[in-house]
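Student: I would like to learn how to read the features of a model such as this one, taking them one at a time. Could we look at it together?

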Amino acid sequence: MALRLRKFLDELLDVLKEDYPKQLSRLIQDANGLTYLQVLDKERAVITVRNRRITITGRAKKKEINVRVYISKSCLFDVLEGKLTLAEAFETGELKVFGSPQTLLRCYAIWERVISLARTSPRFYFLTYELR
Amino acid sequence: MFFDRKSRVFGLLNFAVHGNPYDARRGYGAALAFLVGPGGEIHTALKLIPLGKLTISPYNPDFIADEVAVSYLGDSFTIKGKIDDVSLDLKVPVILPPVTMNQIGLDILSKNQINRGMLGAATEMARVWDKWVELPRLSVVGKIRAQGKEYLVDTTTGYQDHEGGRFDWGTVAGWDTGVLLCDPTSAGEPERVSFLFYRYGPSGASSYGGIIVKTASGVERFFGSEKVTVTKSGEFSGERAYLPGVTRLLYPDYRPRVPATIVFSAVDSSDSLEITFTPRAVCTIVVAGVSDEAETTFNEMCCDAELKATIGGMTYNKLIPCWFESVRPRGRFDDPWL
């Protein structure tokens with residue numbers, strides 16, 4: 001059975017705490033103030049970064065959310081496996097992102113950092129594939 | 001590596017362990033396939049395997065995982081299973097015995113005038129590579145399925161190299177290596193043509209290597225760097241693939257330049273050689289360092305190699321399929337072909 005989104009994010013956070021504490025501190029610093037809604041197929045998770053802490057919950061007040069990302073699992077893995085570019089995913093509507101341009105740019109830098117980290121961390125990689 | 005001349009299928013399969021093999025947090029297995037079909041179509045696949053689900057040993061060439069397994073028994077490999085959506089069912093009997101890096105090095109050092117470049121590269125390679133060995137000729141028989149297509153393979157032009165120990169990525173400046181996948185039973189073809197130009201030193205500016213040609217009658221010639229001229233021209237614009245997939249996500253505009261043609265020319269007394277390589281398909285693989293941010297780019301190329309040579313009185317003029325691998329640290333050196 002595939003891993004649930006919130007469980008995945010909790011375990012991902014544990015991997016980062018154990019294996020990459022310095023990179024995690026940097027990520028928290030960059031993401032401070034974000035309330036990020038991630039929708040994966042029909043699952044929802046809200047990642048809140050405040051005061052050097054990350055919390056993962058199921059919901060948040062609408063006005064507090066400053067980034068919303070909607071993606072399907074098939075699109076996520078097509079993008080990760082290079083079968084689909086980000087531009088193509090946006091064009092087909094399989095990836096939808098809402099937020100102010102400034103916040104989205106911050107998010108892009110964070111995603112880049114996380115993806116780079118995923119390439120060097122087998123635990124991160126294998127955990128991601130448990131979502132499938 | 002193999003190229004079946006009847007079905008015109010090229011295959012590069014790689015089975016490796018990256019990082020620390022004793023630590024599941026820092027190590028993993030990887031199985032990779034780069035296939036080029038008769039129409040030039042490319043199929044690529046990469047599957048990472050947790051160390052806990054992989055059977056490997058430095059004393060045995062087996063690489064056994066649930067999805068895909070390479071096993072060695074009775075002078076023959078069996079490759080069976082799936083790498084993502086590429087399905088493999090191959091028998092790979094060994095035709096010629098293995099040759100170690102030390103054997104090749106000592107042979108070159110004993111038969112040629114020793115120079116500084118030769119010693120520098122030999123010292124560096126002996127330090128970085130632990131138990132490198134090549135199997136110069138293999139039979140490859142079986143079938144491969146990819147994206148709904150089935151390819152039948154039956155060839156004796158297979159080649160394998162194997163690093164059975166530790167390999168230190170940290171200081172590697174790269175290399176250009178390859179093998180002409182010769183069929184010595186075909187008229188006008190040598191037994192073997194292979195090459196390696198190894199880059200080393202803090203800035204990667206030091207380089208030494210050469211081309212080895214062996215005729216079907218057993219005459220062997222080595223053309224060292226000092227006798228070889230390498231000319232690159234044009235820019236390859238054919239079929240390309242990138243691995244792993246996140247390379248395209250992280251570096252959407254990354255397209256390392258690959259020449260349209262590469263020519264090696266060499267003369268040594270009565271022997272001469274000219275090989276013109278024309279890449280048909282390229283797979284760029286970006287390998288991320290495990291302990292730092294360094295990345296290494298592999299350009300794996302399926303080429304046509306036009307061989308014009310006179311070796312030991314034998315004259316060659318033939319188009320031979322070839323595997324060419326060009327390796328560089330990504331973005332570290334100011335190289336026009338990076």
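Student: Where is the place of Asp41(A) in chain A?

Tutor: Before the answer, note that this is a predicted model, in which local features need pLDDT of at least 70 and side-chain atom pairs count only at pLDDT 80 or more, while totals for chains, interfaces and linings use all residues. Residues are numbered from 1 along each chain as its sequence is written, and chains are lettered from A and ligands numbered from 1 in the order in which they are written. Helices (H or I, at least four residues) and strands (E, at least two) are DSSP runs, numbered from the N terminus. Asp41(A) sits in the loop between β1 (35-40) and β2 (43-50) of chain A, and although Asp41(A) is not a glycine, its phi is positive, about 50°.

Student: What is the peptide bond from Leu243(B) to Pro244(B), cis or trans?

Tutor: This bond is cis, with omega near -15°, and Pro244(B) lies in the loop between β18 (239-243) and α3 (246-250) of chain B.

Student: At roughly what angle do the axes of helix α2 and helix α5 of chain A cross?

Tutor: Axes are lines fitted to C-alpha atoms, for helices over the stretch in contact, and angles run from 0 to 180 degrees between N-to-C directions. The axes of α2 (residues 21-31) and α5 (residues 101-120) of chain A come within 10 Å and cross at roughly 165°, which means that α2(A) is roughly antiparallel to α5(A), a term for angles over 145 degrees. Contact between two residues requires C-beta atoms, placed from the backbone, within 7 Å, and by that criterion Gln23(A), Leu27(A), Asp30(A) and Ala31(A) in α2(A) meet Arg106(A), Ala109(A), Ile110(A), Arg113(A) and Leu117(A) in α5(A).

Student: Which helix of chain A has an axis that comes within 10 Å of that of α6(A) and crosses it at roughly 175°?

Tutor: Helix α1 (residues 5-19) of chain A does so, and α1(A) is therefore roughly antiparallel to α6(A). On the α1(A) side are Phe8(A), Glu11(A), Leu12(A), Val15(A) and Asp19(A), which meet Arg123(A), Phe124(A) and Leu127(A) in α6(A).

Student: How many residues does the contact take from chain A and from chain B?

Tutor: Each of the two chains, A and B, contributes 17 residues. On the side of chain A that touches chain B, α3 (73-80), α5 and α6 (122-129) each supply at least two residues, and α5(A) gives the most, with five.

Student: Which residues have the most contacts inside the largest nonpolar core?

Tutor: A nonpolar core is a set of buried Ala, Val, Leu, Ile, Met, Phe, Trp, Tyr and Cys residues joined through C-beta atoms within 7 Å. The largest has 84 residues, and those with the most contacts inside it are Leu35(B), Leu180(B), Leu181(B) and Cys322(B). Strand β20 (residues 271-288) of chain B provides the largest share of this core, nine residues. A second, separate core of eight residues includes Ala31(A), Leu34(A), Tyr36(A) and Val67(A).

Definitions and conventions
Buried ≥ 20, exposed ≤ 12 C-beta atoms within 10 Å, placed from the backbone. Parallel < 35°, antiparallel > 145°, perpendicular 65-115°, else oblique.
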